[in-house]
Amino acid sequence: MTTVNQPLILAVDDEASNLQLLRQILQDHFRLRFAKDGPRALELAREETPDLILLDVMMPGMSGYEVCAALKADPALAAVPVIFVTALNDTSDEVEGFEAGAVDYITKPVSPPIVRARVRTHLSLVRMEELRASRLEIVQRLGLAAEYKDNETGLHVIRMSHFARILGLAAGMTEAEVDDLLHAAPMHDVGKIGIPDRVLLKPGPLDPDEWKIMQSHAQIGAEIIGHHDHGVLALAHNIALTHHEKWDGSGYPNGLAGKDIPLEGRICAIADVFDALTSIRPYKKAWTEQEALDFLVKQKGKHFDPELVDLFLAQMPAIRAIRERWAEQEVEPAAAPMQAAA
């Protein structure tokens with residue numbers, strides 16, 4: 001017996017016998033809707049978005065390829081996986097089907113186990129993508145939650161994460177790796193959630209005890225994110241823990257030096273400090289770009305990985321584009337300065 005929580009499959013075929021066979025194969029595990037032509041299939045898909053579409057190719061009027069093209073042209077339906085179910089079995093037919101946007105191709109006469117297996121496989125892939133997107137959304141919003149404690153706009157985490165992506169590419173990371181870096185970098189200061197407001201929002205310089213409390217945000221952030229073997233959260237853990245380590249070993253929390261500091265931590269250190277220095281805050285005016293770049297150069301081999309600083313300088317056109325896209329409005333700074341990159 002099917003329920004409203006089960007995936008919805010839209011089956012499209014001009015032959016009633018083929019639709020009846022698909023009903024027999026799938027009805028015990030999925031909700032089903034049926035259409036005998038392309039226009040009706042599009043109408044049903046727009047009424048209730050299906051989780052997957054089984055689509056015949058050779059239909060009178062509107063072919064399956066044309067239906068698939070219409071689906072992919074509709075932003076609300078473009079992500080719905082389409083499996084062609086057809087008697088056409090030449091390699092060229094399969095190629096045309098994949099070029100039209102289908103995710104799979106089943107030839108008639110269909111095998112019930114194959115139909116069920118292919119449907120389950122592609123629904124699982126959809127579910128995995130939904131979970132990945134939800135996880136990234138949670139990661140990004142948790143990073144913004146920390147940022148809003150001491151920066152109302154939340155634009156710092158957006159800018160610095162894009163800076164990190166640009167620098168990661170320049171440093172030789174793959175597209176997949178820098179995409180993970182882009183999503184993990186916003187978590188760099190999540191540990192600030194655990195810092196008392198009397199310290200985090202203090203308008204003047206921190207005393208030694210307050211500075212010790214502030215430094216604990218790196219360890220707190222790593223503990224919030226937790227240990228993970230791989231993926232975005234593993235990267236986020238490393239960034240939160242190591243983005244305040246320094247090349248010469250004078251950073252915190254563990255006094256790591258040189259390449260003992262993970263690459264992602266070294267990258268985010270530069271991205272974080274550059275944006276903090278060039279950003280307006282209620283407690284300080286923004287440094288000019290040149291002043292911030294001079295600071296990076298002065299700190300080569302001390303605070304920052306010297307090779308990464310050189311690569312960052314070479315990427316300034318792309319860095320400027322990010323700054324312009326995510327610019328903040330100026331506010332009146334307070335009289336007393338505060339640490340620009342705690």
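**Entry 1: a cavity**

I began with the second largest cavity, whose volume is about 60 Å³. I took a cavity, on a 1 Å grid over the protein atoms alone, as a set of points where a 1.4 Å probe fits but cannot get out; lining residues have an atom within 4 Å of a point. Grid points are joined across faces, edges and corners, and a volume is the space filled by probe spheres set on the points. By this rule I count two cavities of 30 Å³ or more.

Before going on, I noted that this is a predicted model, where local features need pLDDT of at least 70 and side-chain atom pairs count only at pLDDT 80 or more, while totals for chains, interfaces and linings use all residues. Residues are numbered from 1 along each chain as its sequence is written, and side-chain values use heavy atoms, with hydrogens and water left out.

Which residues line the second largest cavity? I found Thr242, Glu245, Lys246, Trp247, Ile261, Gly265, Arg266, Ala269, Ile270, His303, Phe304 and Asp305. By class, I have five nonpolar, three polar and four charged residues in this lining. Here Ala, Val, Leu, Ile, Met, Phe, Trp, Tyr, Cys and Pro count as nonpolar, Asp, Glu, Lys and Arg as charged, and the others, Gly among them, as polar. Helix H12 (residues 263-278) gives the most to the lining, with four residues. Helices (H or I, at least four residues) and strands (E, at least two) are DSSP runs, numbered from the N terminus.

**Entry 2: the cores**

Next I looked up the largest nonpolar core and found 38 residues in it; Leu181, Ile270, Phe274, Leu296 and Phe312 have the most contacts inside it. The largest share of this core, eight residues, comes from H12. Such a core is a set of buried Ala, Val, Leu, Ile, Met, Phe, Trp, Tyr and Cys residues joined through side-chain atoms within 4.5 Å. Buried means under 20% relative accessible area, exposed over 50%, and partly exposed in between (1.4 Å probe, protein chains only).

I then followed Ile270, which also lines the second largest cavity. Leaving aside neighbours within four places in sequence, Ile270 is in contact (heavy atoms within 4.5 Å) with Leu167, Leu296, Phe304, Asp305, Leu308, Val309 and Phe312. A second, separate core has 23 residues, including Ala41, Val57, Tyr65 and Tyr105.

**Entry 3: Ile166**

Is Ile166 buried or exposed? I have it as buried, because its relative accessibility is 15%. Ile166 lies in helix H6 and touches Gln315, Ala318, Ile319 and Ile322, not counting residues up to four places away in sequence. I also noted that Ile166 and Val178 are 12 residues apart in sequence and 7.9 Å apart in space, C-alpha to C-alpha.

H11 is mostly covered, with nine of its 12 residues buried; among them are Val232, His237 and Thr242.

One joins Lys108 and Pro109, with omega about -5°, and Pro109 lies in the loop between strand E5 (104-107) and H5. The bond from Tyr252 to Pro253 is also cis, with omega near 10°; Pro253 is in the loop between H11 and H12.

**Entry 4: the whole chain**

How values were computed
1 Å grid on protein atoms, 1.4 Å probe; cavity = no way out; pocket = protein on both sides within 12 Å on 5 of 7 lines; lining within 4 Å.
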